[in-house]
Amino acid sequence: MSIPQTGGGPIEDISQLAEYLAEGCKPKEDWRIGTEHEKFGYCHETLNPLPYDGPRSIKAMLEGLRDRFGWAPVLEGDKIIGLEKDGANVSLEPGGQLELSGAPLETIHQTCDEVNQHLREVRSVADDIGVGFIGLGAAPIWSHEQMPVMPKGRYALMTDYMDRVGTMGKTMMYRTCTVQVNLDFSSEADMVQKLRVALALQPVATALFANSPFLDGKPNGHKSWRARVWRDLDAARTGMLPFVFEDGFGFEAWVDYALDVPMYFVYRDGKYINALGQSFRDFLQGKLPALPGEIPTLSDFADHLTTIFPEARVKKFIEMRGADGGPWRRLCALPAFWVGLTYDQTALDAAWDLAKKLDAETRDALRIAASVDGLHGSAGRFKLHDLAREVVDIAEAGLKARACPGAGGMLPDETHFLNALKESIETGQIPADELLARYHGDWQGDLTRIYADYSY
């Protein structure tokens, strides 16, 4: 969730920025799993997206969750724009997508329990007010003009900027959903290895989780339209980051990259100050046009890091960003996939041995292939279906090695959370393939059927 950051004094030396990232280093016993997922809300009667205000609305959902389940409200001005409880947050994306940013938890069993509890709470409130929620990577029918606008100052600035730097930024903001997982690192070297694996193998995750084959009421020619959108959003802050694979990469190199990403805003006294396109390097020298003479704080830098959108990114943890939003089984499968690959050293080494076979050109080509063809995509001699089989096998071995029991000891480890992915590998069918088969089959081209058949 992108909320204003707090804490941290003035930045007096650029070295503080790398030190800030390094503060995320944790011993393995303190590593946690933080899962985030977004979903579209709609009115049962009209099948239209939920507005912010009214009896069937995002605001009504937030107030219902607050009043019924003890969530504390998060306000911007006098508007409720989120909730918080026990280390977790519920927040809004620009078009009203409802997001759970989960608490940092020790096991995927706990993560899945958290997701299931959240969806039960959402369903309880939604049923009472006549609305539903659906997990997809892109809004299947709604036009951009139909999407509501949430009352958040950050989003107003971003909307204004998007058409200056790409063609699909507003589509990303208002008509896409994702599932992500945030993972820890123990050292700079561990961060580097994990980030390289994350970027190189992100196309495999995109392919396995592809779930956005429709836009504007018809097939769009891609298995993951959400992934297609990210390729034409803003080249300065997106992509596969080939510099991460260069010798000497570490926290300082990430800082250098981040400082060259144009700014969106500075948050002061409850308001977002327009700094669109301005330089954080100038800010460090007191030369930011938006705030002349003012020096940034570490919280300003933390805010700036939330405006960088590559396929995987570093804050005080690593965030995996390449998957479409989807059905509940895949909300639990994504953390299982990445935890299995990165939280056991033997698995991480195996994943890196595979990842380093892919050069920058191949990584980019696989990213495109995953978006268009899902598991059927390929780049040169590398087929995504074969890569997915190998990667999921590594993840399964990593989860077995973690040996985190669940269900009161009845489950010896977390490997069953990969079952949805293993089924896709065995059948060759991902969620997008199933949706397209339904559209051309029993739905007979009536895409409105998706709401009844695929809502939570």
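The buried residues of helix α4 (residues 153-165), where buried denotes a relative accessible area under 20%, as computed with a 1.4 Å probe on protein chains only, are covered by elements that include β4 (88-92), α5 (169-175), β10 (265-268) and β11 (271-274); helices (H or I, at least four residues) and strands (E, at least two) are DSSP runs numbered from the N terminus. The model is a predicted one, in which local features need pLDDT of at least 70 and side-chain atom pairs count only at pLDDT 80 or more, whereas totals for chains, interfaces and linings use all residues. Residues are numbered from 1 along each chain as its sequence is written, and side-chain values use heavy atoms, with hydrogens and water left out.

The buried positions of α4 are R154, Y155, L157, M158, Y161 and M162. With 13 residues, α4 reaches 19 Å from its first C-alpha to its last, close to the 18 Å expected at 1.5 Å a residue, the expected span being 1.5 Å times one less than the number of residues. A bend of about 25° is found in α4 at T159, taken as the angle between axes fitted to the seven residues ending there and the seven starting there.

Helix α4 also gives the most to the lining of the largest cavity, with 3 residues. On a 1 Å grid over the protein atoms alone, a cavity is a set of points where a 1.4 Å probe fits but cannot get out, a pocket is an open set with protein on both sides within 12 Å along at least five of seven lines, and lining residues have an atom within 4 Å of a point. The largest cavity has a volume of about 410 Å³, a volume being the space filled by probe spheres set on grid points that are joined across faces, edges and corners. Its lining comprises 27 residues, of which E38, E93, Q180, W230 and R321 lie nearest the centre.

R321 is also among the residues in contact (heavy atoms within 4.5 Å) with P310, leaving aside neighbours within four places in sequence, and the others include R237, W254 and Y257. P310 is found in the loop between α10 (298-305) and β12 (312-314) and is buried, with a relative accessible area of 0%.

The second largest pocket, with a volume of about 500 Å³, is lined by 23 residues, of which P327, W328, R329, E434 and Y454 lie nearest its centre. Helix α11 (328-342) is one of the elements that supply at least two residues of this lining, and 13 of the 15 residues of α11 are buried.

Methods. Buried < 20%, exposed > 50% of the residue type's maximum accessible area, 1.4 Å probe, protein only.
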